[in-house]
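Please open the model in your viewer and keep the selection panel at hand.

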Amino acid sequence: MLIDLRKRLGIGHLSAISAHDTSRPQVKWTVTSKLECAVLSDVLDAHPLRARKLAEYEIWREALSVWCVRRYGLAPGGEARLADLAAAIHAARVYREPAADEAVPSLMDAYAHQYLAGFFSGEGCFQLGPRRARLTVKVRRDDRPLLEGFRRRFRMGSVCDVAVPEPWSPCAAWNVTAAREVLRGIAIFDRAGLLGRKARQFHAWRSGAEAVALAKIGRLPVNDQTFESSRRALAVATAYRAPPSSLVRDEPAPFARDAYVDVLRTWAALTEGPLTCTAYQAMRRSLRPYWPKRETIAAEFGGWAQALREADLTDRVSARSARQLRV
């Protein structure tokens with residue numbers, strides 16, 4: 001799923017995280033450059049987040065605007081402002097009990113179905129029993145208003161508080177169990193589409209859930225063969241399975257490369273003579289500490305001489321580096 005998202009947006013990079021204790025191996029998608037964060041912000045402005053995550057995003061977006069006033073480095077006062085915003089986003093993540101009259105997010109826009117599908121792909125759960133098919137989403141209780149928004153918008157399920165042991169934060173759950181509402185949920189996910197492993201679970205769960213729901217509506221026995229086949233398929237789709245191969249190093253996104261080329265051209269205009277990596281490092285250390293390290297630029301293009309060639313600065317390559325280009 002993350003590989004697909006990265007390909008679609010063309011930003012960030014993927015890295016593997018090893019299993020620890022009882023966890024499973026994971027993959028992390030990280031977006032860190034100014035230009036790539038700006039692209040991500042454009043996407044999230046066009047397809048807005050909701051509820052508590054929206055409040056965090058608005059703080060992050062303000063921090064991004066402070067960070068991006070200059071393409072490299074910060075404007076005067078920027079560091080202090082970023083520190084304040086870092087504290088603000090940390091405070092926004094701290095659990096707080098939702099107020100009784102807290103506003104329920106509006107989900108009446110054109111992207112509501114896709115937002116539900118994306119949210120369910122990360123937080124939802126399919127369950128299947130002999131006379132029970134269930135859709136469930138469980139979140140921190142201060143996100144309960146979002147679950148209420150789902151319930152109202154899609155006219156299905158109920159929301160309740162869930163007791164959890166310390167030190168975990170209190171939770172709330174949205175459960176969809178009524179037969180006709182389960183069928184409505186199936187239709188919604190057919191329309192919007194789930195992602196990744198959750199899509200595989202949905203396709204496994206669906207036939208059994210439909211069999212249970214239709215049997216309830218018609219007051220008939222459940223088709224045992226369909227139910228058992230679906231139950232086994234859901235167990236297989238839910239179980240962890242290692243990918244067939246290790247994570248392939250993703251291709252570098254063009255935004256960082258463009259930024260490095262711009263740095264090299266700016267530097268070339270400020271200096272004379274061969275553009276050696278030693279000379280670049282000296283200027284960076286004394287006058288441009290916010291420029292990327294020479295090692296970062298060289299690694300991106302496969303070498304220092306290759307980076308200068310990419311910036312159309314081949315005529316300024318030192319004799320030693322020129323030999324590398326001829327090899």
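Is aspartate 21 buried or exposed? Select aspartate 21: the residue is exposed, with a relative accessible area of 70%, where buried means under 20% relative accessible area, exposed over 50% and partly exposed in between, with a 1.4 Å probe and protein chains only.

Before continuing, note that this is a predicted model, in which local features need pLDDT of at least 70 and side-chain atom pairs count only at pLDDT 80 or more, while totals for chains, interfaces and linings use all residues. Residues are numbered from 1 along each chain as its sequence is written, and side-chain values use heavy atoms, with hydrogens and water left out.

**Backbone stops**

Remain at aspartate 21, in the loop between strand S1 (13-17) and strand S2 (26-30). Helices (H or I, at least four residues) and strands (E, at least two) are DSSP runs, numbered from the N terminus. Aspartate 21 has a positive phi of about 55 degrees, although the residue is not a glycine.

Select arginine 219 next, in the loop between helix H8 (196-218) and helix H9 (224-238). Its phi is also positive, near 55 degrees, in a residue other than glycine. With 78% relative accessibility, arginine 219 counts as exposed.

Then display the peptide bond from glutamate 166 to proline 167, which is cis with omega near 5 degrees. Proline 167 belongs to the loop between strand S5 (158-162) and strand S6 (171-176).

**Helices H2 and H3**

Two packed helices are described by the angle between their axes and the distance between the axes. Select helix H2 (residues 34-46) and helix H3 (residues 51-67): their axes come within 11 Å and cross at roughly 140 degrees. Axes here are lines fitted to C-alpha atoms, for helices over the stretch in contact, and angles run from 0 to 180 degrees between N-to-C directions. H2 passes H3 in a left-handed crossing, meaning that the near helix is turned anticlockwise from the far one by less than a right angle.

Show the side chains of Lys34, Cys37, Ala38, Leu40, Ser41, Leu44 and Asp45 in H2, which meet Tyr57, Trp60, Arg61, Leu64 and Trp67 in H3. Contact means heavy atoms within 4.5 Å. The residues of this contact comprise eight nonpolar, one polar and three charged; Ala, Val, Leu, Ile, Met, Phe, Trp, Tyr, Cys and Pro count as nonpolar, Asp, Glu, Lys and Arg as charged, and the others, Gly among them, as polar.

**Tyrosine 111**

Move to tyrosine 111, in the loop between helix H4 (78-93) and H5. At 38% relative accessibility, this residue is partly exposed. Its C-alpha atom is 8.9 Å from that of proline 48, although the two residues are 63 apart along the chain. Leaving aside neighbours within four places in sequence, tyrosine 111 is in contact with Ala46, His47 and Arg50.

**Helix H5 and its partners**

Select helix H5 (residues 112-123) with helix H6 (residues 144-154): the axes come within 12 Å and cross at roughly 130 degrees. That angle makes H5 oblique to H6; angles under 35 degrees count as roughly parallel, over 145 as roughly antiparallel, 65 to 115 as roughly perpendicular and the rest as oblique. The crossing of H5 and H6 is left-handed.

Ala112, His113, Tyr115, Leu116 and Phe119 of H5 meet Leu146, Phe150, Arg153 and Phe154 of H6. This set divides into seven nonpolar, one polar and one charged.

On the H5 side the contact involves His113, Gln114, Leu116, Ala117 and Phe120, and on the H7 side Ile188, Phe189, Arg191 and Ala192.

**The nonpolar cores**

Finally, select Phe126, Phe150, Trp174, Phe189 and Trp205, the residues with the most contacts inside the largest nonpolar core, which has 40 residues. A nonpolar core is a set of buried Ala, Val, Leu, Ile, Met, Phe, Trp, Tyr and Cys residues joined through side-chain atoms within 4.5 Å. H8 gives the most to this core, with eight residues. A second, separate core of 21 residues includes Trp267, Trp291, Leu313 and Val317.
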